[in-house]
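Me: Could you take me through the labels attached to this model, setting each value against the rule behind it?

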Amino acid sequence: MGEEGTEGTVHLLCLAASSGVPLFCRSSRGGAPARQQLPFSVIGSLNGVHMFGQNLEVQLSSAKTEDTTVVWKSFHDSITLIVLSSEEGTSELRLERLLQMVFGAMVLLVGLEELTNIRNVERLKKELRASYRLIDSFLGDSELIGDLTQCVDCVVPPEGSLLQEALSGFAEAAGTAFVSLVVSGRVVAATESWWRLGMPEAVLLPWLVGSLPPQAARDYPVYLPHGSPTVPHRLLTLTLLPGLELCLLCGPRPPLSQLDAQLLERWWQPLLDPLRACLPLGSRALPAGFPLHTDILGLLLLHLELKRCLFTVEPSGDKEPSSEQRRRLFRSFYTLVTATHFAPEPGQPEEKAEEVVHQAQVPRACYLVLGAEEPGTGWRLVALQLGPRRLLLLLSAQSPTHGLRGLATHTLHALTPLL
């Protein structure tokens, strides 16, 4: 399994499907934004071969060369997205989900009507610039993983019930049912209505908040790709502490001015210490002192029905591999087990009839040893699925392979009350 992201280049192209006019091109190299653009002749060829297939009623979805994977996807017969990746170990599943998130981001900030009924290409190009920051964050080396798992990145606060109670009270006082507390793009707590948001907005909204530059308050127009793609809502954000934001999704009311300092102090001043305890959770996800085995270098816990996940690569952060490497390993391993070993996730478009027939033979656990040239060397990756939960662990070389399933099972049982 290659380490996805190793100094590879990713090019993302967006074109008007009917005319083939490029709307934008975004690129990244080694996880960082890149200025390198594809020649127009290459863009034309990539779109041309896709259109040629469509005219013959052939759907071209992906292709591979010696060092590059290309994925095409059309949306509403109006927008064509093309992604090329030369990252080592990249997969079609990863790129397909990337394109779904990119289109979701476009709808979130521009609205579906503008994308399906293109009247003025130049105006649409200008409007789409508002989505560049969010789209670039998908192409970069993000600390989040919801773009791939299509589950909301969450953290577990030490005093969750107190925060939940305050959140519900504040939501009622503010006059909206959709409220969440977000730290570094991850949801700390949310009202029931917020949790019922559909995909992809449930992932996109906190990700958007985490990608924006710090601001004391915002009143941001957004469309909900699943729930309200043509009628805009307002996303209000209020910074409680640096990096910790209160997010409200609402209609024309309340005005931002109504959410004054007095209202915030009433609900949140008494909880200053529990709020401060949330700040380090951005990268840690789990409360301080949560017992994890010393061999664990990172974990990804998914609840496939609730569509939420906990992800951290912070345990034993002083050991190799680096945080960036760990995140790449998790992305590659998640893609491998999702596409190859485990049953398709509920509601995923990849689900095929013949795969469902063989679910009885689907494995419940699998593991991988990396760089094991000698016994006792090489990092271990193990995946375990029990009911709606799937756990992926990255373990140090000292962890014996015969004990991987037992360690994963014990860890999953310990984490189950949290998610």
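Me: Where does Arg-97 lie, and why is Arg-97 called buried?

Reply: Arg-97 belongs to helix 2, which covers residues 92–110; helices here are DSSP runs of H or I with at least four residues, strands are E runs of at least two, and both are numbered from the N terminus. The relative accessible area of Arg-97 is 1%, and buried means under 20%, exposed over 50% and partly exposed in between, with a 1.4 Å probe and protein chains only, so Arg-97 is buried. This is a predicted model, in which local features need pLDDT of at least 70 and side-chain atom pairs count only at pLDDT 80 or more, while totals for chains, interfaces and linings use all residues. Residues are numbered from 1 along each chain as its sequence is written, and side-chain values use heavy atoms, with hydrogens and water left out.

Me: What makes the pair of Arg-97 and Tyr-334 a polar contact?

Reply: The two side chains come to 2.9 Å, and the rule asks for N or O atoms within 3.5 Å, one able to donate a hydrogen and the other to accept it within protein, with residues adjacent in sequence counted only if both atoms are side-chain atoms. The pair of Arg-97 and Tyr-334 is therefore listed as a polar contact between side chains.

Me: How do you know that Asp-147 and Arg-94 meet in a salt bridge?

Reply: Their N to O distance is 3.3 Å, and a salt bridge needs a side-chain nitrogen of Lys or Arg within 4 Å of a carboxyl oxygen of Asp or Glu, so the pair of Asp-147 and Arg-94 qualifies.

Me: What does the salt bridge between Arg-218 and Glu-245 tie together?

Reply: The closest N and O atoms of Arg-218 and Glu-245 are 2.7 Å apart, and the pair is counted as a salt bridge. Because Arg-218 lies in strand 10 (residues 217–224) and Glu-245 in strand 12 (residues 244–250), the pair ties together parts that are 27 residues apart in sequence. Arg-218 and Glu-245 are both buried.

Me: And how do you know that Glu-324 and Arg-327 form a salt bridge?

Reply: Their N to O distance of 3.9 Å is within the limit, so the label applies. Glu-324 and Arg-327 both lie in helix 13 (residues 323–341), 3 residues apart, which is about one turn of the helix. Glu-324 is partly exposed at 35% relative accessible area, whereas Arg-327, at 8%, is buried.

Me: What makes the nonpolar surface patch, and why does Phe-52 count as exposed?

Reply: Phe-52, Leu-56 and Val-58 make a nonpolar patch of about 320 Å², Phe-52 being part of helix 1 (residues 40–55). Patch residues have over 30% relative accessible area and no salt bridge, with nonpolar side chains (Val, Leu, Ile, Met, Phe, Trp, Tyr) joined within 5 Å and like charges within 9 Å. Phe-52 has 55% relative accessibility, so Phe-52 counts as exposed.

Me: What is the phi of Asp-77, and is Asp-77 buried or exposed?

Reply: Phi of Asp-77 is near 55°, a positive value in a residue other than glycine, and the residue is placed in the loop between strand 5 (69–75) and strand 6 (79–85). With a relative accessible area of 69%, Asp-77 is exposed. Ser-184, also not a glycine, has a positive phi of about 50° and lies in the loop between strand 8 (178–183) and strand 9 (186–190); at 42%, Ser-184 is partly exposed.

Me: Which residue does a cis peptide bond join to Pro-200?

Reply: Met-199 is joined to Pro-200 by a cis peptide bond with omega of about 10°, and Pro-200 is in the loop between helix 8 (192–195) and helix 9 (201–211). A cis bond also joins Glu-320 and Pro-321, with omega of about 0°, Pro-321 lying in the loop between strand 14 (308–312) and helix 13.

Key: Areas by Shrake-Rupley, 256 points an atom, 1.4 Å probe, with all protein chains shown as cover.
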